[in-house]
Amino acid sequence: MGIIARLVTAAVALAGSSTAAPVTAATAAAQYCDKTGVCYSEVTVGVAPITWRIAIPAVEQGPFDVLLQVIAPRSVGWAGLAWGGGMLYNPITLAWANGNSTVGSARFASAHVQPDLYDPAAHTVLKGSTVNDTHWTLTTLCQGCSTWVHNGGAKEVLDPGATAASFAFAASAVPPVDVADPATPIGIHSEHGVFTVDLAAAKSAQFGTWVELLKAA
């Protein structure tokens with residue numbers, strides 16, 4: 001498929017398109033603590049499969065920063081997480097491999113077209129973002145992913161006390177057009193679905209310490 005065709009078909013990325021079979025994930029999320037001592041709520045979904053890990057500060061209400069870790073087989077060209085549970089009117093985190101490291105990109109879609117860059121959210125790639133023989137991992141701090149303005153102007157905020165917060169994901173075997181560029185276009189997904197995460201269990205008073213630890217090169 002040529003670049004122009006991929007840009008057109010990307011209009012349904014992260015949406016419930018009939019061009020790719022949806023995947024319904026298990027709703028239960030486990031807790032995972034890595035070797036650095038950072039603990040996340042974790043869920044593994046999809047055909048690939050892809051593991052999504054989320055950690056947040058010990059707050060009672062949003063907005064708040066989020067630690068996100070994405071682990072995918074090298075066969076995954078890109079993976080995306082929609083923070084509001086669907087493609088439209090919420091921040092989207094895109095992740096993919098680039099050489100020996102990984103890239104995080106913030107997007108937002110107000111229609112079933114190529115998602116735009118989303119300036120209100122920023123991703124800082126952190127320690128633990130690696131590529132090996134079998135998998136790639138993005139570890140990122142997302143600032144601006146927990147709140148957004150929905151269609152009609154209503155402000156949405158993730159509930160840090162939610163025990164089953166809804167998220168949507170999508171993935172493709174085809175990498176973005178330019179893997180070195182966080183603003184690069186993406187092609188259509190080959191799978192998509194939804195899952196829930198226990199955000200209450202993802203909270204930790206150690207969040208700030210973890211962020212500083214992961215920022216250290």
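Tutor: Gladly! This is a predicted model, and buried residues make up 50% of the 217 residues in the protein chain.

Student: What makes a residue count as buried?

Tutor: A relative accessible area under 20% makes a residue buried, while over 50% makes it exposed.

Student: Why is Val157 called partly exposed?

Tutor: Val157 has 35% relative accessibility. Buried needs under 20% and exposed needs over 50%, so Val157 counts as partly exposed.

Student: Where in the chain is Val157 placed?

Tutor: Val157 lies in strand E14, which covers residues 155-157. The chain as a whole has three helices and 17 strands.

Student: What makes Gly62 a contact of Val157?

Tutor: A contact requires heavy atoms within 4.5 Å. Val157 touches Gly62, along with Pro63, Ser146 and Thr147, when residues up to four places away in sequence are left out. As for Phe64, its C-alpha atom is 9.1 Å from that of Val157, and the two residues are 93 apart along the chain.

Student: What makes a group of residues a nonpolar core?

Tutor: Its members are buried nonpolar residues joined through side-chain atoms within 4.5 Å. The largest such core here has 37 residues, and Phe167 is among those with the most contacts inside it. Beyond its sequence neighbours up to four places away, Phe167 touches residues including Ile54, Trp83 and Phe195.

Definitions and conventions
Residues numbered from 1 in each chain as written. Predicted model: local features only at pLDDT ≥ 70, side-chain atom pairs only at ≥ 80, totals over all residues. Heavy atoms only, no water. Helix = DSSP H or I, 4+ residues; strand = E, 2+ residues; numbered from the N terminus. Buried < 20%, exposed > 50% of the residue type's maximum accessible area, 1.4 Å probe, protein only.
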